[in-house]
Structures are given as structure tokens and as C-alpha cells.
Amino acid sequence: MLDQETVATIQKRFPQLEPALLQEIAQAGVLKQLQPEEEALRTGQFLKSNVLVLDGLVKVYREDEEGGELLMYYLESGSACALSMMCAARNEQSQVLAKAVTPAQVLMIPAPVSEAWLAKYPSWHNFIIASYRARFDELLQTLDSIVFKSLDARLVFYLKRHQKVMGPEVRLSHQQIAEELNSSREVISRLLKKLEQTGAVVLHRNFIELKNLDLF
């Protein structure tokens with residue numbers, strides 16, 4: 001049984017869920033604290049639990065065979081990883097890597113319990129469907145940016161998405177951004193310099209300030 005403070009956080013983050021279900025979540029859930037860069041999911045891991053984010057921010061990546069990472073979407077407070085739900089339900093290996101961006105609290109829900117809730121609680125069924133839909137829409141946006149947009153347009157898309165979830169300061173190195181966009185540091189640095197010349201960003205020593213991305 002989780003402590004009352006955590007139960008109150010669950011109720012705040014997931015107000016759409018029935019009170020009886022929230023009580024079962026408090027009984028079945030396992031709380032996990034993550035530090036920045038700590039993994040919530042690993043590629044190839046057999047998943048036995050669904051992941052709900054109570055606090056903080058988590059990034060979900062797709063890895064290639066060489067260990068390169070492509071950012072797929074963010075998980076914010078009050079959201080769930082639909083891909084982990086699918087793999088856990090089917091007892092399959094995870095096809096994605098999830099890392100905390102900030103200190104984060106995640107709640108692990110055992111897959112058999114989650115499956116039973118689908119028939120028992122309409123609000124849980126609706127929440128799962130909504131999670132699938134939200135992640136699917138984000139994946140479509142990511143796919144569109146890769147297939148149909150040039151790298152400079154992909155960089156702007158990446159920065160706008162970062163601004164939406166984390167604010168106007170990007171405290172990532174040019175190398176880190178390049179890795180998430182499957183590019184090189186030199187190319188990303190050149191494109192960021194071009195954006196600075198337009199007034200869209202300001203490049204500081206240790207961070208990038210996002211100013212007028214709406215120009216693009």
C-alpha cells in the first residue's frame with residue numbers, strides 16, 4: 001500500500017479515474033524514483049508492468065543496432081507509456097528505451113492487474129485508449145518530421161516540442177541534440193547558428209535560449 005501523499009498525487013494526476021480504481025492503484029502500484037538519465041525501460045527488456053508518470057519528465061527513444069537513439073515522444077506527469085502497456089499485455093520485449101529527463105516518479109502497475117481493470121473499470125479502459133491515441137498521434141508527427149521534412153525543419157520541430165514540455169531553455173549540448181536527431185554535431189551547430197541569425201534562438205555558452213520559433 002502506498003503512503004497517503006503518493007495516493008493524493010495519484011488522485012491529482014489522474015482525476016478521470018474512479019475512486020475505487022484509485023484505491024486499487026494505491027494497493028497494486030509500485031513507486032519508483034528516477035534520476036535524470038536513469039532508465040525506466042530498456043530495449044529488449046521483458047515488461048511485466050505498465051508505466052504511469054506521476055511527476056517529472058521521461059523521454060522515449062527508439063534505438064538502432066549501433067546504439068543510436070531517435071527521440072519518439074515525451075511522457076509528462078499524468079501520462080502513460082502506451083508501448084509499455086502493449087508489450088506488457090503480450091509478454092513481449094520492449095522495443096523502446098525510456099529515460100528520465102528530470103527527477104521523476106513513476107508508478108509500475110503489474111500487467112495482469114491492469115488487464116483485469118479493463119473489464120472492471122470503464123475509466124481505465126478509456127484512459128488506456130486515450131493513451132494509445134495520444135502516443136500514436138505523437139508518433140505520426142515524429143514520422144512526418146523524418147520522412148517529409150528537411151533536417152533544419154526537423155530541428156525546429158524538435159526545439160518546439162522541447163519548448164512545449166520544458167520551457168524556453170534547452171540545456172543539452174549540440175552533440176546530444178545531434179544524437180536525438182540522428183545527425184552530426186557539426187551539422188546541428190551550423191543549423192543552430194542559422195537559426196540564431198534569424199532571431200529564433202540565442203546560443204549561450206551552456207544552453208540554447210528559444211526566442212521566436214513561431215517564425216518557422
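Residues are numbered from 1 along each chain as its sequence is written, and side-chain values use heavy atoms, with hydrogens and water left out. Since the model is predicted, local features need pLDDT of at least 70 and side-chain atom pairs count only at pLDDT 80 or more, whereas totals for chains, interfaces and linings use all residues.

The chain contains 8 helices and 11 strands, where helices (H or I, at least four residues) and strands (E, at least two) are DSSP runs numbered from the N terminus. With 216 residues, a compact globule would have a radius of gyration near 17 Å, and the value of 19 Å for the chain agrees with this; the radius is taken over C-alpha atoms, and the globule rule is 2.2 Å times the number of residues to the power 0.38. Taken along the principal axes, the box filled by the C-alpha atoms is roughly 55 × 35 × 25 Å. Of the 216 residues, 43% are buried, a term that denotes under 20% relative accessible area, with exposed meaning over 50% and partly exposed in between (1.4 Å probe, protein chains only).

Among contacts (heavy atoms within 4.5 Å) between residues at least 6 apart in sequence, 69% join residues at least 24 apart. The mean positions of the 24 positive and 27 negative charges lie 4 Å apart; here Lys and Arg count as positive and Asp and Glu as negative, while His and the chain ends are not counted, and the place of a charge is taken as NZ of Lys, CZ of Arg, CG of Asp or CD of Glu.

An open sheet of 4 strands has the order β1-β8-β3-β6, with antiparallel pairing, two strands being paired if DSSP finds at least two bridges between them. Strands β1 and β6 stand at the edges, each with a single partner strand, so one side of each is left without a neighbour in the sheet. Within this order, strand β8 (residues 104-110) is mostly covered, as 6 of its 7 residues are buried. Strand β1 (residues 30-34) pairs with β8 in the antiparallel sense over 5 bridges, and Leu-34 has Ala-104 of β8 as its bridge partner. Strand β3 (residues 49-55) is likewise antiparallel to β8, over 6 bridges, with Val-51 opposite Met-108.

Met-108, which lies in β8, counts as buried because its relative accessibility is 16%. Leaving aside neighbours within four places in sequence, Met-108 is in contact with Ala-28, Gly-29, Val-30, Ser-49, Asn-50 and Val-51. Met-108 and Val-53 are 55 residues apart in sequence, and their C-alpha atoms are 9.0 Å apart in space.

Further antiparallel pairing involves strand β4 (residues 58-63), which is joined to β5 by 6 bridges and to strand β7 (residues 97-100) by 4 bridges. Val-58 stands opposite Leu-75 in β5 and also opposite Ala-100 in β7.

Turning to the helices, Thr-6 has its place in helix α1 (residues 4-13) and is buried, with a relative accessible area of 6%. Apart from neighbours within four places in sequence, Thr-6 is in contact with Leu-31 and Leu-54. In helix α3 (residues 82-90), the residues Ala-82, Ser-84, Met-85, Cys-87 and Ala-88 are buried. An α-helix has 3.6 residues a turn, so residues three or four places apart point the same way. The cover over the buried residues of α3 includes β2 (39-41), β3, β5 (69-75), β6 (79-80), α4 (111-120) and α5 (122-148).

Glu-37, found in the loop between β1 and β2, has a phi near 75°, a positive value in a residue other than glycine, and is exposed at a relative accessible area of 51%.
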